[in-house]
Amino acid sequence: MEGVNVLTINVGSSSLKCSLIETADGHTHASSHTDWASEPTRYTFTSTESPAVLSEVGWSDVKPAIGRVAADLRVNTNEVIAAVAHRVVHGGTRFTQPVLVTAEVEDALHELTPLAPLHNPSCLEGIVAAREVFPNLPHVAVFDTAFHSTLAPEAYTYAIPQAWSDEWGLRRFGFHGLSHAYCSQRAAQILDRPSLGLRVVIAHLGHGASLAAIRDGKSIDTTMGFTPLEGLMMATRSGSVDPGLLCHLLRENRFSANQLDHALNRESGLIGVSGVSSDMRTVLQAAEAGNERAKLAIAIYVHRLRQGIGAMAATLGGLDALIFTGGVGQHSATIRAAACARLAFLGLELDPIANAAVTSDMDVSTTGTKGRILVIESNEELMLARECERVFN
């Protein structure tokens, strides 16, 4: 199965991205983006054979979005779809390679839902909806955790009783693997260097956020852990919190486990601190207008981001490049500038003019600095399509 058209379905916590990609050369015949992070939901569809469609719609979940995408594909493209590739956030220890979706696989994914409560349920909704719309096509699940299966025991093992790890599979997994994998490959191309020997730190900053330390094209450390809740401050997720604080809430404030889970995943991060929005653009605007809580939210976000970059660089023993990607990483010059402001000791110096005028896949560091700062437009969809093709090959 070479050089075929794969429909990729990438369901996020607040969005759906679909692309029809030819795997041989990476050409995108059609793509759509549904965003319900803010009201109303925005839907766009583009194809090489018809004008772009941009509309505001009344629905805000996966099933109607996939139905609309399928209808637009039928009307606006003549390309034959060979398979459907689904991004699944958490594969646990069982799924470290892409797999053909079967009823048994769906059941196994349901069991993993508690590990990624913001994502895996939506991923499963996407699989169910797409299998109804495209019942005669093979469907392949591709896992975000798989890229981090190269972590060493000292990186993935929690300092908890060994019996917990052995009996219940409690360990660090890492996420955003498709994005980190693509960006590490693309960075090698931009720098005109082989992956072997290249040390990069990737900052995937979107609704969710994570850092990864990549050496020789392989993940050796990352900030997310057993679930996507660990690590950096995010849009609605707290990131790392003192476990003792959580025990205090359970014991003294009589929180239930479900209340705690909901608060940490959906009411924390940017929205929790700022009280304004989970959207970085809105929080930045509020901070610029003088909102003190918004200013604090930005300060915490940047503080933890810089801390994490330093930690990843220490794990690598230095770095050759820092990469920004994701909605915030790619589009917010303000966050990039603030994050890099104190990283000169790592050989990183941002060019303010290049940073302000950045387009995708650019080097925005000053001339002659030892470490390079890159802004890369991640292409999870291309990685999805090629991983799907690999199942059949």
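The model is a predicted one, in which local features need pLDDT of at least 70 and side-chain atom pairs count only at pLDDT 80 or more, while totals for chains, interfaces and linings use all residues. Residues are numbered from 1 along each chain as its sequence is written, and side-chain values use heavy atoms, with hydrogens and water left out.

I looked up which residues make the contact (heavy atoms within 4.5 Å), and found Ile298, Tyr301, Val302, Leu305 and Arg306 on α11, with Ile335, Ala338 and Ala339 on α13. Sorted by class, the contact of α11 with α13 has seven nonpolar residues, no polar ones and one charged one.

I then took up the geometry, since two packed helices are described by the angle between their axes and the distance between the axes. The axes of α11 (residues 292-316) and α13 (residues 333-340) come within 9 Å and cross at roughly 55°. The two helices are therefore oblique to each other, as angles under 35 degrees count as roughly parallel, over 145 as roughly antiparallel, 65 to 115 as roughly perpendicular and the rest as oblique.

Next I asked which residues of α13 are buried (under 20% relative accessible area, with exposed being over 50% and partly exposed in between, for a 1.4 Å probe and protein chains only), and I noted Ile335, Arg336, Ala339 and Cys340. Seen down the axis of α13, these buried residues fall within an arc of 120°, so they line one face of the helix.

I turned to α8 (residues 257-266), where the buried residues are Leu260, Ala263, Leu264 and Asn265; the buried residues of α8 pack against α7 (243-252).

Thr145 sits in the loop between β8 (139-143) and α4 (153-156), and counts as buried at 5% relative accessibility. Leaving aside neighbours within four places in sequence, Thr145 is in contact with several residues, including Val89, His90, Phe95 and Phe173.

Thr366 lies in the loop between β13 (362-363) and β14 (372-375), and Thr366 is also buried, with a relative accessible area of 15%. Not counting residues up to four places away in sequence, I found that Thr366 touches Glu349, Leu350, Asp351 and Arg372.

Notes: Axes fitted to C-alpha atoms, helices over the stretch in contact; angles between N-to-C directions. Helix = DSSP H or I, 4+ residues; strand = E, 2+ residues; numbered from the N terminus. Nonpolar A, V, L, I, M, F, W, Y, C, P; charged D, E, K, R; others polar. Arc of directions from axis to C-beta.
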